[in-house]
Amino acid sequence: MVVIVAMAWNIYNIFTNTPMVPDQHWAQKIFYIHVPIAWTGFLSYFIVMVAGMLYLINKEQKWDRLGLAAAEIGTLFVTLVLITGPIWAKPIWGTWWTWEPRLTTTLILFLIYVGYFMLRSFGGHPERTSRYAAVLGIIAFIDVPIIFYSVQLWEEQFQSHPQVDITQQNPDIVIPFLISLIIFSMLFSFMLRFRIHILKIIDLRNKLK
Amino acid sequence: MIWSLVRKDLLLESRTKEITISMLAFGLTMIMIYALAFSASPAMYRSFAPGLFWVIILFASALGLHRMFVLEKEFDAFSLSISAPVDRGIIFLAKWISGTILLIISETVIIPPFVMFMGLSLPNNWLIMIMIIIIGNLGIMAVGSLVSGLAMRAKMSEILLPILLFPLVSPLLIASVKATNGWFQGIPFMNWQFWVLLMITFVVVFALLGYTIFDHITEE
Amino acid sequence: MLAVANIKKSFYHNPVLNNLSFKVNDGDVIALTGKNGAGKSTLLRILARISQPDGGTVIYNDVDIFKAQASARRGILYLGNEPGLYPSLSAIENIEFASRIHGALPVAEDITTTLKNIGLSEQINDPIKIYSKGMLQRLKYALANLLPWSILFFDEPFSGLDIEGKNLALDCLNTWKMKDRTMIFVTHDVEWGLSFCNRLFLLEAGSLKIDQSADSIDVKTIMNGLQ
């Protein structure tokens, strides 16, 4: 409940209290949503990797549930990044899509996770797919830095998003941004715990059958 | 022990020739399809030849990898290797090496027609290009062997394998194309050597990762 | 030699093996029986580390085979229901490869002699995909005679064998038994199990309903268990 209220306030705050950036106007506001979602999405995938490692080490179902929940939410968030990115890009650069490093990395990661869910569905019995998914989660995140580095050097003409150093920005921008980040993290944590809870119930139901 | 496994893979291939034939036949077909679909001026061919080359190799590798692991599933042959006192990491390394060797063999057949149909004129220092090709192959096969282990027992493994392989291998693809392009355009090595370094990093990371983690995906 | 504790294995949330435990001593010859689908082959594959249990341990010579290095599993030989060999390689090539990965150096004459003794003197250089089921089964006996092992897991020792093949098989089995070798057989031939083995397991509902020495078992009980 708290989270919903906080999120509603967050959106409101973004609309009313943040300054208008001269050349970007309303489109720039997406920054307050797009970037926190991206960070939490990647955090989620990091959690998939850690959960995967823990699952392989001691095979406890809770790590598998954590991994799956984090994968689902991460993919959801990453999808939103891929949607808000173009929404931001169109007014500013005139095109829907640009092969900008961070967006491209996000796209590649999204595709890896499409494979992750296919593996979960088609990999065989769930007792095996848990193991395989854990391995894939580890491989995926280890690949991320390499992907990002290579994509960044790939096409020099595709500069990053307005590459702003957050700490040097006007506090009128930084503070709402941080608030948004915190609120999105809260949302993430809430969604994660909720999803894990549901997965736990599903597991219990499967056991009782 | 690795060599027993590699020997076995190569012996198997010399009997069936399934892997090399599927890779090179597919590669040649792809060259023709691209030539027909993108009939272009020689200058244009020159500009996208490096990229096209690696795309063809990647697709052919996916095919070859799939066959490599299908051969293990016939008659449940894989159970022999995994029930034996052989470290699973060693099995991974053997698949990695065998796969790379078979890919290189296929490439000797794919490359000449590729060069010919694209009307390319190649620089003289082809030793560097050979090195790039070998490193690229090692990279594809490292990730490929790992991912094949995952896809091997899955339904729709022919589709699952490329879907898992291609995104994971994308940095290698980028680096290989950049390096190949640098060589092809005659740009001094210094300017594009970091792409080769990136390729080598990729190979090392995934070879180590595969060796460490393969154990968890060999069992049913 | 082998201590199996609390093995659990499920497929699609259906438990096939449920808290399965037993010990195997040196020289034990065990018949593992049960209805179709009881999980006998699954159990054997877990013991050979081809399949991974969802819980429990398998300790071989005081080492947990799922945690230890591969060399700790030296001495385990698994002969499954499927041939477990490469169809495009010949009998000799398959045996050579199997020997090497089990840590033995194959000697060509030994291989050809053993193959002859097992009734496979023709076609030993042909790819084994042309072999009949009976020939493939005999090939397994050749493997077991040539590879070094301390414990043998054999799934359906008589499957596909004609009378001559079965006699050859019985010769091998009796020889091994006389040498006090440790073996676990999955079999549907309960009479042979009772006469040949010193222990009989009946796998039912995921655990061992019966785990007794063969002498003390009443045939009727077994047959009831298998209905």
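What percentage of the contacts in chain C with a separation of 6 or more is accounted for by residues 24 or more positions apart? In this predicted model, for which local features need pLDDT of at least 70 and side-chain atom pairs count only at pLDDT 80 or more, while totals for chains, interfaces and linings use all residues, the value for chain C is 66%, where two residues are in contact if their C-beta atoms, placed from the backbone, lie within 7 Å. Residues are numbered from 1 along each chain as its sequence is written, and chains are lettered from A, with ligands numbered from 1, in the order in which they are written.

**View 1. The overall fold of chain C.** Chain C holds seven helices and ten strands, these elements being DSSP runs (H or I, at least four residues, for helices; E, at least two, for strands) numbered from the N terminus. Along the principal axes, the C-alpha atoms of chain C fill a box of roughly 45 × 40 × 35 Å.

**View 2. The surroundings of C:L32.** C:L32 lies in strand β3 of chain C, which spans residues 29-34, and this leucine counts as buried because it has 26 C-beta neighbours inside 10 Å. Leaving aside residues up to four places away in sequence, C:L32 touches C:K40, C:L43, C:I184, C:F185, C:V186, C:F201 and C:L203. C:F154 is 122 residues from C:L32 in sequence, yet their C-alpha atoms are 10.0 Å apart in space.

**View 3. The helices of chain A.** Chain A has seven helices and zero strands, so that its elements are to be read as α-α-α-α-α-α-α from the N terminus on. Buried residues make up 34% of the 209 residues in chain A, and residues 24 or more positions apart account for 78% of its contacts with a separation of 6 or more.

**View 4. Chain B against chain A.** Here 23 residues of chain B are in contact with 25 residues of chain A. On the side of chain B that touches chain A, the elements giving two or more residues are α6 (126-151), α7 (157-184), α8 (189-213) and α9 (215-218), and α7(B) gives the most, with nine residues. By class, this side of chain B has 18 nonpolar, two polar and three charged residues, where Ala, Val, Leu, Ile, Met, Phe, Trp, Tyr, Cys and Pro count as nonpolar, Asp, Glu, Lys and Arg as charged, and the others, Gly among them, as polar.

Technical notes
A residue is buried if 20 or more other C-beta atoms lie within 10 Å of its own, exposed if 12 or fewer, and partly exposed in between; C-beta atoms are placed from the backbone.
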